[in-house]
Amino acid sequence: MRSSLSSHTNFTMTHFADHSQGLSHDAVNRLLRRDKLTGRILWEHVQGDIVLSPRGCLVFDDSVLNKEHSHAIELVRLQYSGNEHGLVKGIGMVNCLYVNPDTGQYWIVDYRIFNPEGDGKTKLDHVQEMLTLAIADKALSFTHVLFDSWYATKDMMLFVESMGRFYYCPLKSNRQVDDSAGVLSYRRVDALRWDAVEQERGKTIKIRGFPRDHKVKLFRVVVSTNRTDWIVTNDLAQDCMQGTQQACALRWKIEQFHRELKQVTGVEKCQCRKARIQRNHIACAVLVWVRLTAIARKAGTTIYAIKQGLLSDYLRRELRSPSVSMAFA
């Protein structure tokens with residue numbers, strides 16, 4: 001963890017051992033093999049920092065920790081990466097963020113490593129498990145659940161409803177829906193017609209495959225000249241496109257988290273082969289993000305500024321040293 005916190009380029013056990021008094025590479029290796037760091041230790045560290053809101057929301061999404069050049073690392077599998085827009089070798093990580101819409105702050109409260117060969121669980125299984133724990137165990141205050149179109153399955157939507165929460169998620173353009181109350185056949189969502197009122201207030205639809213009388217609200221959101229999103233929610237009282245946009249905008253907080261985690265903590269840099277070491281390295285990286293983010297909030301700055309400040313402090317000390325002063329005399 002200390003290596004992820006202080007290093008900017010090298011996150012290996014060898015580098016950490018070389019810069020730690022009384023520790024060898026083998027000792028660090030044994031430590032990471034022996035310990036078992038999980039999402040529970042994350043919750044122990046983050047729960048005291050969370051500022052709850054009655055309008056809070058949970059955001060779920062997955063990220064691929066790139067291991068493109070690995071050949072024998074356990075947990076690595078070929079999977080789709082949104083950043084690469086294609087298949088890459090990597091370790092899948094399914095994350096759960098708590099977002100306070102009043103302050104715009106966010107905290108990672110749980111995560112899972114995607115390893116279907118090891119535990120037989122799908123990403124949807126992990127999301128349902130984390131959602132259940134967020135309510136029953138963590139007692140988080142939230143009304144909405146946000147996820148992207150990949151998670152917008154019938155089972156996932158109905159599960160969120162069974163937990164007494166609202167969801168907002170985009171549908172893929174080819175999803176079959178009906179807005180005619182059974183008069184017409186199902187059509188692609190991007191083939192629906194919209195009048196001025198529906199454009200502003202949304203329309204009630206049925207998604208193919210859902211129970212007979214199950215209705216949801218659909219909104220057409222024009223993001224740009226070449227992109228339109230179709231946002232669906234079980235909040236039938238929602239009648240404002242702008243309100244829907246504001247709710248969905250919080251989903252991008254998890255993209256910000258993924259970027260910060262990868263750029264600041266070295267979460268992708270571990271090249272150890274054993275699954276337990278990989279899991280512990282990921283856990284340490286997440287804890288580093290939690291710590292740096294807490295410091296950044298208190299300082300009123302960004303996580304990048306805090307991490308860069310560690311290097312800046314070192315450079316200032318070195319430039320003030322007598323040897324450097326004599327060199328420029």
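Residues are numbered from 1 along each chain as its sequence is written, and side-chain values use heavy atoms, with hydrogens and water left out. Because the model is predicted, local features need pLDDT of at least 70 and side-chain atom pairs count only at pLDDT 80 or more, whereas totals for chains, interfaces and linings use all residues.

**Exercise 1. The chain as a whole**

Determine how many helices and strands the chain has, and what percentage of its residues count as buried.

Solution. Step 1: the chain holds 13 helices and 11 strands; helices (H or I, at least four residues) and strands (E, at least two) are DSSP runs, numbered from the N terminus. Step 2: of the 329 residues, 47% count as buried, where buried means under 20% relative accessible area, exposed over 50%, and partly exposed in between (1.4 Å probe, protein chains only).

**Exercise 2. Helix α11**

Solution. Step 1: α11 has 25 residues and spans 36 Å from its first C-alpha to its last, close to the expected 36 Å; the expected span is 1.5 Å times one less than the number of residues.

**Exercise 3. Two partners of α11**

Classify the orientation of α4 and of α10 relative to α11.

Solution. Step 1: the axes of α4 (residues 39-46) and α11 (residues 275-299) come within 10 Å and cross at roughly 10°. Axes are lines fitted to C-alpha atoms, for helices over the stretch in contact, and angles run from 0 to 180 degrees between N-to-C directions. Step 2: α4 is therefore roughly parallel to α11; angles under 35 degrees count as roughly parallel, over 145 as roughly antiparallel, 65 to 115 as roughly perpendicular and the rest as oblique. Step 3: Ile41, Leu42, His45 and Val46 of α4 meet Val286, Leu287 and Val290 of α11, contact being heavy atoms within 4.5 Å. Step 4: the axes of α10 (residues 253-264) and α11 come within 10 Å and cross at roughly 105°, so these two helices are roughly perpendicular. Step 5: Phe257, Glu260, Leu261 and Val264 of α10 touch Ala285, Val286, Trp289 and Leu292 of α11.

**Exercise 4. Helices α6 and α7**

Identify the residues that make the contact between α6 and α7.

Solution. Step 1: the axes of α6 (residues 123-136) and α7 (residues 154-162) come within 11 Å and cross at roughly 5°. Step 2: α6 and α7 are therefore roughly parallel to each other. Step 3: α6 contributes Leu124, Val127, Gln128, Leu131 and Thr132, and α7 contributes Asp155, Met156, Phe159 and Val160.
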